[in-house]
Amino acid sequence: MRVLFTTVAQSTHLYNQVPLAWAMHTAGHEVCIASHPSLEHKIVQTGLTAVPVGAPLPPARRLTMADFAYPEPRPAELDWEYMLGKFAVFSGLMFPFYEPETLRNELVDFARAWRPDLVVWDMFSFAGAAAAAACGAAHARILFGLDLVGQMRRMFLDLMAQQPQEARDDPLAEWLSWILPRFGGEFGEDLVVGQWTVDPMPAAMRLPVAGHYEAMRYVSYHGPAPVPAWVREPAERPRVCLTLGLTAREGWDVSKVPVDELFEAVADLDAEVVATLSAEQIATLGSRPANVRLVEFVPLHALLPSCAAVIHHGGTGTFGTAIVHGVPQVIVPHGFWDTSAKAEYVAANGAGVHLTDFSAGALRSALLDVLGGGFGAGAGRVRDDMRAQPSPNDLVPVLERLSRR
């Protein structure tokens, strides 16, 4: 088969797809990954074929959660007005920001010329679904975190059905319908949720959303990078990883916690704290505690097996990597998308601590609890649950069968 993967132009979303893309490639299928030109070099570094689509853009200003937030406070029970406003913001700002018109058009043109049998699209890459519809390919979403799109879409449709016919606005369907006429397609709900969905999250976290889901074990991929010699040496003290994730490096100011306060929390602890920060983040720091090792980047799948704990914001890559290596987590969620849900899952399974109200003292106390033991068994159970899910290699014949169907 020819298999086209599409992703929004963020490294973490690309890296989420790479293990499955390589599984399809090593099974003998012809694979390529399409995204914005700004991600081309990252795709090439994975060893897979890159297809840049869309016009190059000038560097954007750093974005915050407020750029895509619906301004009204969330009601206790989600009502029609709130959900309509949320979908209007997503469809008018967030989704077009990820996939501007030139990208959508060029992706469809490429799909029509290359004729993939299967398109696997990131849950925010609706252009991938449109490209599949335009060329008649089977298509599947691959989730990046919880399926909040599917859950919100179900709630939206239920609420819309209760409205008078003249009030049934559907911003997402309208936005997708603008894309389709040029390509001879019509809007259908599969353009929002896929013909089926690949889910690399823990099975116990799946939201109660109807649809065809295929579970997949999370496999860590963090890009090409050397493994420093000190990672391979036994740590003399408990080793703790502190990371803000790749998202904060690539134009999103989503962390609510200043790094200096994080350092204050871990100062003088009997632990070796490895802080993975970019050069830009390091340049903003004041003093560094003696027990903190600053590194610009080290692959988490190489670092975390040597760690007794990891402190992070709830990002999908760090969360998944910590799970597959059975490392207890201290999560300080920034609240964007599903980070709080991940923290709740970790806490509910005894695999770590969900820090709801951050302070240096609270983080220090949580980390001492984790380093004191008692969370290893929970982290091990969560790890075993994840390992029981099918690997990307196991999923290949499933995708082949579904595509033929």
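Guide: Gladly, starting with handedness: a crossing is left-handed if the near helix is turned anticlockwise from the far one by less than a right angle, and right-handed if clockwise. The crossing of α10 and α15 is right-handed. Helices (H or I, at least four residues) and strands (E, at least two) are DSSP runs, numbered from the N terminus. This is a predicted model, in which local features need pLDDT of at least 70, side-chain atom pairs count only at pLDDT 80 or more, and totals for chains, interfaces and linings use all residues. Residues are numbered from 1 along each chain as its sequence is written, and side-chain values use heavy atoms, leaving out hydrogens and water.

Visitor: Why is α10 called oblique to α15?

Guide: The axes of α10 (residues 259-266) and α15 (residues 360-371) cross at roughly 45° and come within 8 Å. Axes here are lines fitted to C-alpha atoms, for helices over the stretch in contact, with angles running from 0 to 180 degrees between N-to-C directions. Angles under 35 degrees count as roughly parallel, over 145 as roughly antiparallel, 65 to 115 as roughly perpendicular and the rest as oblique. The value falls in the remainder, so α10 is oblique to α15.

Visitor: Which residues make the contact?

Guide: With contact meaning heavy atoms within 4.5 Å, α10 contributes Glu261, Leu262, Glu264, Ala265 and Val266, and α15 contributes Ala360, Leu363, Arg364 and Leu367.

Visitor: What makes β3 and β8 edge strands?

Guide: Two strands pair if DSSP finds at least two bridges between them. The open sheet of seven strands runs β3-β2-β1-β5-β6-β7-β8, with parallel pairing. β3 (49-52) and β8 (213-215) each have a single partner strand, so one side of each lacks a neighbour in the sheet. From one strand to the next, the twist averages 25°.

Visitor: How do you know that β14 and β15 pair?

Guide: Strand β14 (residues 329-331) and β15 share three bridges in the parallel sense, against a requirement of at least two. In one of these strands, β15, His354 is the bridge partner of Ile331. They belong to an open sheet of six strands, ordered β12-β11-β9-β13-β14-β15.
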